[in-house]
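Let's take a walk through this one, chain by chain and then helix by helix. Have the model open beside you as you read.

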Amino acid sequence: MTSQAEMVPTGGRVASSDRMRRLLRDRPLIPLTALLTVLVVLMELVRPGVVSPDWVGVTIRAAIPLAILAACQTLAMLTGGIDLSVGMVASMAAFIMATQTGDQGPAIAIGLAIIAALIAGVANGIGVGVFKVHPLIMTLGIGLVILGLMNVYQLVVVQAGTEIPAVIEWLGSGTTLPFLPNNLLVFIPLAVLIIAGLRYSGFGRLLFAVGDNPVAARLAGVRVWQVLLALYILSALLAAIAGILVAGLVKTASLALVEQSVLPSVAAAVIGGTSIMGGRGGYSGTIIGALILTVLTSLLIAMQMPEAVRQILFGAIIVAVAAVYTRIVDLS
Amino acid sequence: MSAAVDAGTAGRSDLLAQVRHWSQRNSWTLALLGLFAGILLFTYVIQPSYGAAQLQGLAIGALPLAMATVAQAIVVISGGIDLSVGSMMALTSVTAALLMKDQPEAFAIPVVFGVLALGLILGIVNGMLVVITRVPDIVVTLAMSFVWAGAALVVLRTPGGGSADWLTDLVTGSIGSEWVPRALVTLLVIVGVIWIPLRRSTAGLALYAIGSDRLAAFRSGVPVGRTKVFAYMLGGLFSAFGGLALTATTGIGTPVPGAYTLLGVAAIVLGGVSLAGGRGGIAGPIVAVLVLALVRTDLTLLGVNSNLSTVIQGAILIGVVMFGSLLTMRRART
């Protein structure tokens, strides 16, 4: 975005490697898609015949909740923040929905889940925006508070049992078309809204502005705290949607439902090319990043790597991708 | 941060001004100490039998987190953040526990030094990756936390191993008076021997310099890359101390990282270290760890549901940090 002006060639001939690099820098989707393709090809080589329309459907279905959580990280990272409470907020939303469905019916249960998530988002937003607490600390602290509150809540509703509404199960784990998962019905509008919103809406531009230079943004008349408040509320809402979809996918709900996806969600945004320092990035790269991580996980499982080796490779690959990416973007 | 200025003015001013200056510079740590004393008094009021033995237990329980906090504080002061502290602790802890199991006592001495060397190496790898790849610290160390945790699982699949008796003795019981927990003394000696000389050295100044303003430090001739690796190396070393503390206090090694990374971040913020780097010390975070541990004890003594006590701890964390930033904002305005 901001690099458009520098991009104009200063005249003369540009070395082809340089041109290549610029292409990669301006179109990060190209190398990312190439990497994704390589992983899919590897998958096919490791398990010949595994790559089929059905496999694609299953992979997309598994990647979507991660991609939505990574949207929270992408938006937060654009402003130079991070939202580590998404795992707890998502698990909380899923858990509230599952425990209230029996008594209140699905619609009210989902509504209650969303309201609880919005409260968490308001708390995060006030802490980060108004009190200027570091987002890492604020969202971490709110995560702790939610965990404790939900543990208490769990004791209260222990006899209610959990029940996932049929419509959520259909959305989360069903497939309508031959192979495409139903959660695309939720994801595609969300993704279009986020990508278009970042590019064309005022709020999207404000996110970039606040992350790029908060002082300049404030001097230009941006009410930074309002932007941050809106951002963290939006992030909590997205997290709740992701949590509800996960509950529909695994057909159960617990307080540890989504927690293990928090760090991968940060990784997906980083691999997708969003800078954790703020001001640079976008959501389309993040979606590919989530797909890459999902395929990578199933590739490592297909190669029968033990859990330990899988973790090591996972970490090493994230560093490697991020390093290559940083090289491409920074040099020139 | 302003060591050179202090040395100059302190020589001229009288003792009183010096004390006042010192306490102003350490006001946050002193306030935390006051808070700790207050909570300790409160503890004694609600539980009159709270005494030396309980204090020893408090120090033992707080030791691993204190080490993790020191590791995190050094890295954050240098302008980075190390999200792999917990994983490094798990890796060093299981390595120590595996090597010490069923071995003669004397064999544990080279093991301890070997594990500390391992910690140094882990830290150097983290630091080199941050410097060479130029990927933000938070991303590199987040990814490395997977790597080190995976390595811990390779070393030891399930909790097990053992600890040498002398190592356990080093952190249990008391020294001199029964009111002086040995774990606390061990902590203060280790941190003091490493940190105090360092803080007064050029390398220590360089740590603060690159954390406070990287570019200015570079232009002043500070070797930024090398100092950064040095900071992560110290982070790895203290994580290894933390891992040894885990093995010593529990008697086994557990390959699953605890919440030490994030609790450590919380404790340094509570202890007055700025996450932006270049500001704060080691004493504040250590006192903050003790405060957090004592609050947890009190909540248990008061019979608060352990889940609610998680809520209260989170709220305290947020509240203190909000209060701190309010103070900063007010100071900035006037």
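Predicted model: local features only at pLDDT ≥ 70, side-chain atom pairs only at ≥ 80, totals over all residues.

Residues are numbered from 1 along each chain as its sequence is written, and chains are lettered from A and ligands numbered from 1 in the order in which they are written.

Start with chain A. Its secondary structure comes to 15 helices and zero strands; helices (H or I, at least four residues) and strands (E, at least two) are DSSP runs, numbered from the N terminus. The radius of gyration of chain A is 21 Å, close to the 20 Å that the globule rule gives for 332 residues, so chain A is as compact as a globular protein of that length. That radius is taken over C-alpha atoms, and the globule rule is 2.2 Å times the number of residues to the power 0.38. Along the principal axes, the C-alpha trace of chain A spans about 75 × 60 × 35 Å. Of the 332 residues in chain A, 48% are buried. Here, buried asks for 20 or more other C-beta atoms within 10 Å of a residue's own, exposed for 12 or fewer, and partly exposed is in between, with C-beta atoms placed from the backbone. Among contacts in chain A with a separation of 6 or more, 76% are between residues 24 or more positions apart; a contact needs the two C-beta atoms, placed from the backbone, to lie within 7 Å.

Now chain B, which has 15 helices and two strands. A compact globule of 334 residues would have a radius of gyration near 20 Å, and chain B agrees, with 20 Å. Its C-alpha atoms fill a box of roughly 60 × 55 × 40 Å along the principal axes. In chain B, 49% of the 334 residues count as buried, and 80% of the contacts between residues at least 6 apart in sequence join residues at least 24 apart.

On to some packing. Two packed helices are described by the angle between their axes and the distance between the axes. Axes are lines fitted to C-alpha atoms, for helices over the stretch in contact, and angles run from 0 to 180 degrees between N-to-C directions. In chain A, have a look at H8(A) (residues 166-173) and H12(A): they pack at about 90°, with axes 7 Å apart. They are therefore roughly perpendicular to each other, a label for angles of 65 to 115 degrees, with under 35 roughly parallel, over 145 roughly antiparallel and the rest oblique. On the H8(A) side you'll find A:Ile168, A:Glu169, A:Leu171, A:Gly172 and A:Ser173, which meet A:Ile244, A:Leu245, A:Ala247, A:Gly248 and A:Leu249 in H12(A).

Stay with A:Ser173 for a moment. It has 19 C-beta neighbours inside 10 Å, so A:Ser173 counts as partly exposed. Leaving out residues up to four places away in sequence, A:Ser173 touches A:Gly248, A:Leu249 and A:Lys251. The C-alpha atom of A:Ser173 is also 7.4 Å from that of A:Arg61, 112 residues apart along the chain.

Over in chain B, the axes of H4(B) (residues 52-77) and H13(B) (residues 260-270) come within 8 Å and cross at roughly 65°. That makes H4(B) roughly perpendicular to H13(B).

Finally, how do the chains meet? The contact takes 37 residues from chain A and 38 residues from chain B. On the chain A side, H7 (135-156), H13 (262-271) and H15 (307-330) each supply at least two residues, and the largest share, 14 residues, comes from H15(A).
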